[in-house]
There are 2 protein chains.
Amino acid sequence: MAIARGDGTEPYALTVLYGQRHLEEVEASKRVAAQLGAVEHKFVRVELDAIGGSALTDAIEVPKDRDESKMTDIPVTYVPARNTVMLSLALGYAEVVGAEAIYAGVNAVDYSGYPDCRPEYIAAFQTLARLATKAGVEGRPIEIRTPLIQLTKPQIIQRGLELGVDYALTHSCYDPADGRPCGHCDACLIRLKAFESLGMKDPAL
Amino acid sequence: MAIARGDGTEPYALTVLYGQRHLEEVEASKRVAAQLGAVEHKFVRVELDAIGGSALTDAIEVPKDRDESKMTDIPVTYVPARNTVMLSLALGYAEVVGAEAIYAGVNAVDYSGYPDCRPEYIAAFQTLARLATKAGVEGRPIEIRTPLIQLTKPQIIQRGLELGVDYALTHSCYDPADGRPCGHCDACLIRLKAFESLGMKDPAL
């Protein structure tokens, strides 16, 4: 969202409540959208937990302290079709508010093996978006922008710092307890290591 | 679903509660899934009404007694990105239950101008489905089957009759009152005309 603002856009924020086991990331999205000055912040509920199949929606244990070499497999934290559902909702919202682009923070470098974070997946969704919508049919296709997709985690953090992002407001952990990141899931390990490599302390910890 | 059964599959039914203004079609889906012997019937809620932009979710009037020549425009009953959201949910559900295919009843002939009912849209979703899922990455892509896409409405009705579909259980109307179809919206007009052309009376009326 900081990059979207840096591009000169007036961003509308969308948070999807998909039955995730904790709402820390939802609270963080409110803080971040408010700080970065979203024109509107929309919350849409979709019952992905009714479908199941993931440690992020079901009572399946989130892996802790995994060796980084294992993070290239598709993990149990993969939520079937989640990014497709979220991008579809963003597409509908973008069409209703007349937006020219959707910004999504997917990342293919530290993507932990999620198939729906890869550039070829995003390219396929772009094609779909052109064909799926009234906007696309009328020659105003909504562009899918993924400015983080080829950056490493340290590069992402640095880009954010340049744009004034306050990382103390953010949340990445899959399995927080009492509102605090666990420090041991894949998301925490990748984030901690990235801050370390920049000689910094993670301000959210 | 009758065609899926005819193909020798064991169908799982999915109904999406997307904030539609009436629940007649949801009740009809329960009757039809039960009669055709669904292995399971899943209901998933998604708040498309929070996004808005359609006569099917908002307080926008459903057009009545439209001239058929006007039905090629994209109408106010178009719900932004609805089929993309519904197919995405079906994709997640298909992956969780290990299904080999998704059957969708979209139709490009009497499609009333909806962009997300066209063959090129379905082909794009098929490409996306291959790239989006763990199943696709592992070489077991989920196939999108749209057996009605190139049939006329009378051909669809005949195909259903051959397969034993009881049309008295079904519902098509956009704007029913007291549980009865209105007889005047695009969906009713197209359906009535199709039964008429077969020399039949619509058993749901």
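The model is predicted: local features need pLDDT of at least 70, side-chain atom pairs count only at pLDDT 80 or more, and totals for chains, interfaces and linings use all residues. Residues are numbered from 1 along each chain as its sequence is written, while chains are lettered from A and ligands numbered from 1 in the order in which they are written.

In chain A, strands β1 (residues 12-17) and β2 (residues 40-45) run parallel and are joined by 6 bridges; strands pair if DSSP finds at least two bridges between them. Helices (H or I, at least four residues) and strands (E, at least two) are DSSP runs, numbered from the N terminus. A:T15 has A:F43 in β2(A) as its bridge partner.

The contact between the chains takes 37 residues from chain A and 37 residues from chain B, two residues being in contact if their C-beta atoms, placed from the backbone, lie within 7 Å. On the side of chain B that touches chain A, α4(B) gives the most, with 9 residues. That side divides into 22 nonpolar (Ala, Val, Leu, Ile, Met, Phe, Trp, Tyr, Cys and Pro), 7 charged (Asp, Glu, Lys and Arg) and 8 polar residues (the others, Gly among them).

Helix α5 (residues 119-132) of chain A also meets helix α5 (residues 119-132) of chain B, with A:Y121, A:F125 and A:L128 among the residues from chain A and B:Y121, B:F125 and B:L128 among those from chain B. The residues of this helix contact comprise 12 nonpolar, 2 polar and 2 charged.
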